[in-house]
Amino acid sequence: IPVTLQRLAYLSRRALSTPPGHTLKRLREEVTRVAWRPWTHVYPGLVGDRRLTSDTGAQSIDALWGVLAEAPFFLHPSDRDRWTTAFIDRYPEARTAIVADAERVLRHEFDLLGSGARTLGSPLPWHQDFKTGRAWPLQYSPDIEFSELDRPTDVKVPWELSRCQHFGVLGQAYWLTGDERYAQEYVNEVADWIARNPWGQGVNWICAMDVALRAANWIWGFHFFAGSRACANQTFRGQLLRSLYLHGEWVSTHLEKGPVNGNHYLTDGVGLVFLGTFFKRTAKGRRWLDQGRAIVLDEMLVQVAGDGVDFEGSTAYHRLVLELFLTAYQLLRIHRETVPAAQWQRFERMFEFVEAYVKPDGLAPLLGDADDGRE
């Protein structure tokens, strides 16, 4: 309580020197921040197996799992043999590289944000900047001071690890080899992450963009591994589905909207498209889908100029934003959700810009900002 009073006093002093609209916005944010603190302890207990099965009309978690595995997505278990055969025929050398990358994941060897290959051990340091050893506390995430500009720490290191972007590599290796170790690694990491990152607690719930990306990567993993032996455990199935539902609730209520919306807000929308299509049998899932669809449609005409160039003026961010729109629009189309012609036309111009700046040798100039930790 004293901390909250100090923050409110600070905001009151700032109010004298800031526009009234900005002050009201900050006060609303502060009230919301305080109100959500106890809710993070209550709400997860309300989202159990019974809630999920009741909302979806499924008879059990296993039945719901089966329904979700059959839902439209970029890939389907029935495609596995046909796709992997075609892939190996066309890219015979790629299989070795993919499996090697997946083996590094099994060893917990990661190269994050320019760190170089580092073996992180087990369990994975979800809350730590392993470059400096800095670990952030497990407390209500909006209360965590994470920028620390006076210290050589980088909160994006645990954020990047917790995005779980390596699940795609594990899934590809599983489809190519059928090796259950890759599916088991997915199960182990998800279960460990859930156990050590309670909803709204810790550094990995601070940024809604990272929550959205994590949810999307978990859903990709679900579709790769849904039929594996490792995912047959009913307890794990319930844990994963409940946590994804909680991810949807967090992103939906913590959108990174500001005076100028950028790739964070767009990513929030993409995450809601993933979570909304995944849970669209539920009322909240349908709302998340509508919310995400509105964001990815509106922002195409706001963030991308008529010539097809992203407003940030960066080739790296242009590609990021293009890939976000591409993924969201394709998933919407798979689910027969309408994307208007104006958005498709602007989308086509984005590709034309990429085609214009890519050199004949396939390389591209680095213009403007980038955020990958590399030179």
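D55 comes out as partly exposed, with a relative accessible area of 31%; here buried means under 20% relative accessible area, exposed over 50%, and partly exposed in between (1.4 Å probe, protein chains only). The model is a predicted one, so to speak of local features takes a pLDDT of at least 70, side-chain atom pairs count only at pLDDT 80 or more, and totals for chains, interfaces and linings use all residues. Residues are numbered from 1 along each chain as its sequence is written, and side-chain values use heavy atoms, with hydrogens and water left out.

Back to D55: its side chain meets that of R51 in a salt bridge, at 2.9 Å from N to O. The term stands for a side-chain nitrogen of Lys or Arg within 4 Å of a carboxyl oxygen of Asp or Glu. In general, side chains of opposite charge can pair when their charged atoms come close. R51 is partly exposed as well, at 25% relative accessibility. Both D55 and R51 sit in helix α3 (residues 49-56), 4 residues apart, or about one turn of the helix. Helices (H or I, at least four residues) and strands (E, at least two) are DSSP runs, numbered from the N terminus.

A search of the whole structure turns up 19 salt bridges. One of them joins R286 and D290, with 2.7 Å between N and O. Because R286 and D290 are 4 residues apart in helix α13 (residues 283-303), about one helical turn separates them. R286 is partly exposed, with a relative accessible area of 29%, and D290 is partly exposed too, at 40%. D79 and R82 also form a salt bridge, their closest N and O atoms being 3.0 Å apart. In this pair D79 is buried, with a relative accessible area of 13%, whereas R82 is exposed at 55%. Elsewhere, E103, D179 and R181 are linked in a network of salt bridges.

Next come the cysteines. The structure holds 0 disulfides, a disulfide being a pair of cysteine sulfur atoms within 2.5 Å. For C164, which is in no disulfide, the nearest cysteine sulfur is that of C231, 14 Å away. C207 is in no disulfide either, and the nearest cysteine sulfur to it, that of C164, is 15 Å away. C164 counts as buried at 1% relative accessibility, and C207 counts as buried at 6%.

Y186 has its place in helix α9 (residues 180-196). With a relative accessible area of 0%, Y186 is buried. What surrounds it? Leaving aside neighbours within four places in sequence, Y186 is in contact with F167, L170, W218, G221, F222, F225, C231, F236 and L240, where contact means heavy atoms within 4.5 Å. The side chain of Y186 also reaches the backbone nitrogen of F222 at 3.2 Å. H166 is 20 residues from Y186 along the chain, and their C-alpha atoms are separated by 9.5 Å.

A69 is buried, with a relative accessible area of 10%. Apart from neighbours within four places in sequence, A69 is in contact with H76, P77, F222, H223 and A226. The C-alpha atoms of A69 and F224 are separated by 9.4 Å, though A69 and F224 are 155 residues apart along the chain.

Technical notes: Polar contact = N/O pair within 3.5 Å; in protein donor to acceptor, adjacent residues only side chain to side chain.
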